[in-house]
Amino acid sequence: MNGWRTRIAESCRPVTSQSDKQRHNSRCSNRIICKVDGGFVLEVGDFYSCAVAFTLTLLGLWLLTPHARRLGLLDHPAGRKDHCCPTPATGGIAMLGGVLIAGIFFVGDSGVASLGFALAATIVILVGVLDDKHDLSWKTRIGGQAIAALVMVYLGGIRVEQLGDIVGLPPGSLGLLSVPFTVFITIGIINAINMIDGADGLAGLLVLSALLMFEAAALYSGNTAVSLRLPVFIGAVAGFLIYNLRFPWQPRAKIFMGNAGSAFLGLALACFAVRLTQNPAHPVSPVLGPWLILVPIIDCLVLMIRRLRSKRSPFSADRDHIHHLMIESGFGPTRAAVDLALFSCGCGLAAAQLLRLHVPHVFLVIAFVGLCVLWYWMSARRTRAIKFFKWLRRPILLRTDDPEFPSESDQRVNTELS
């Protein structure tokens, strides 16, 4: 009980100025805090801000869609793009609008960190919109993303300063490497989300699963500053998915997030990952970060290494992403998106539980590298990866131990079930 009261006091702590007091009291009145058996305190962030961000994103998508052609934000099917007709790529702008408005009016975001992120997000959205319209070179995109990351670092004060005992050594400051490392991981996460955005609902569901796990980690560690703001992003992404996922009444995605949307969501994940793992008052191990964004990071790393080994640009386009292999093996886009999101959640929650059990951090680092190596080997031969996904797609009772799967009879059963 004492721990419960202490956490409530931290969430609704008194402030000095009258205006801050009114804003803080308003925040606390919109929060739900409940005691769970075992001593864990569940503090659910501002439900109003989540609902408002959800509604504003839907409204923004509805308003922007009729003007997508005039704005030059239609994604036309060509080359690798196999959607059936031109589709508005206005999701990023709508999500940014929903997040900013809900954040300002319902969370009271006016701190330096929030202003730094807002400016950085505006930069990546502008660069992304230009890329959606004019297909910018990768060097120009990376330059814009680097500028946004520097704004987040110097104006917002959001940076990686320590990595903990990530390699079994005592934690220490990154020193002069802090800024370049922060810029590096920010650009990396942005491009990982961009690369995984290749099937209806996939990037949105993976980002949503990561945000939900970030929220769980923030609530568990007592990081109120992060747990208050995450519901705004969760609401915005959920609103976008209403138009981007396939449903029985919606056979294809009506709206894409575009490069602007993937860059915005990647920046948000980088920002929250840093704020969550670099808070000494509410520590979360930096080792956990990559596990919460597992699928996009591994897919991006493996493909970039393979492209470099083939003497190609790491940003060159191909159809070797994990979702391409899954769809080629018979998964539908929605099934692939849901399965990958569930796998990401399972791995992230498992890693978090291992940290709670005080498993050495170096073990999680080795396990992450091992997964990267395993996927590199698996996807090195396209037929091997497709055979694996075909086996995985079958009902459990129909799976076989035969390494030469599938047999002709198995294929007929699988076709009938599909």
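I noted the ground rules. The model is predicted: local features need pLDDT of at least 70, side-chain atom pairs count only at pLDDT 80 or more, and totals for chains, interfaces and linings use all residues. Residues are numbered from 1 along each chain as its sequence is written, and side-chain values use heavy atoms, leaving out hydrogens and water.

Next I searched the whole structure for salt bridges (a side-chain nitrogen of Lys or Arg within 4 Å of a carboxyl oxygen of Asp or Glu) and found seven.

Arg335 pairs with Asp339, with the closest N and O atoms 2.7 Å apart. Both sit in helix H15 (residues 333–356), four residues apart, about one turn of the helix. Helices here are DSSP runs (H or I, at least four residues), numbered from the N terminus. I found Asp339 partly exposed, at 24%.

Then I checked Arg246. It bridges to Asp200, closest N and O atoms 2.7 Å apart. Arg246 lies in the loop between H10 and H11, and Asp200 in the loop between H8 and H9, so the pair ties together parts 46 residues apart in sequence. Asp200 is buried at 11%, whereas Arg246 is partly exposed at 32%.

I turned to Arg382 and Glu328, whose closest N and O atoms are 2.8 Å apart in a salt bridge. Arg382 is in helix H17 and Glu328 in helix H14, so this pair ties together parts 54 residues apart in sequence.

Last, I logged a network of salt bridges linking Arg307, Arg312 and Asp318.

How values were computed: Helix = DSSP H or I, 4+ residues; strand = E, 2+ residues; numbered from the N terminus. Buried < 20%, exposed > 50% of the residue type's maximum accessible area, 1.4 Å probe, protein only.
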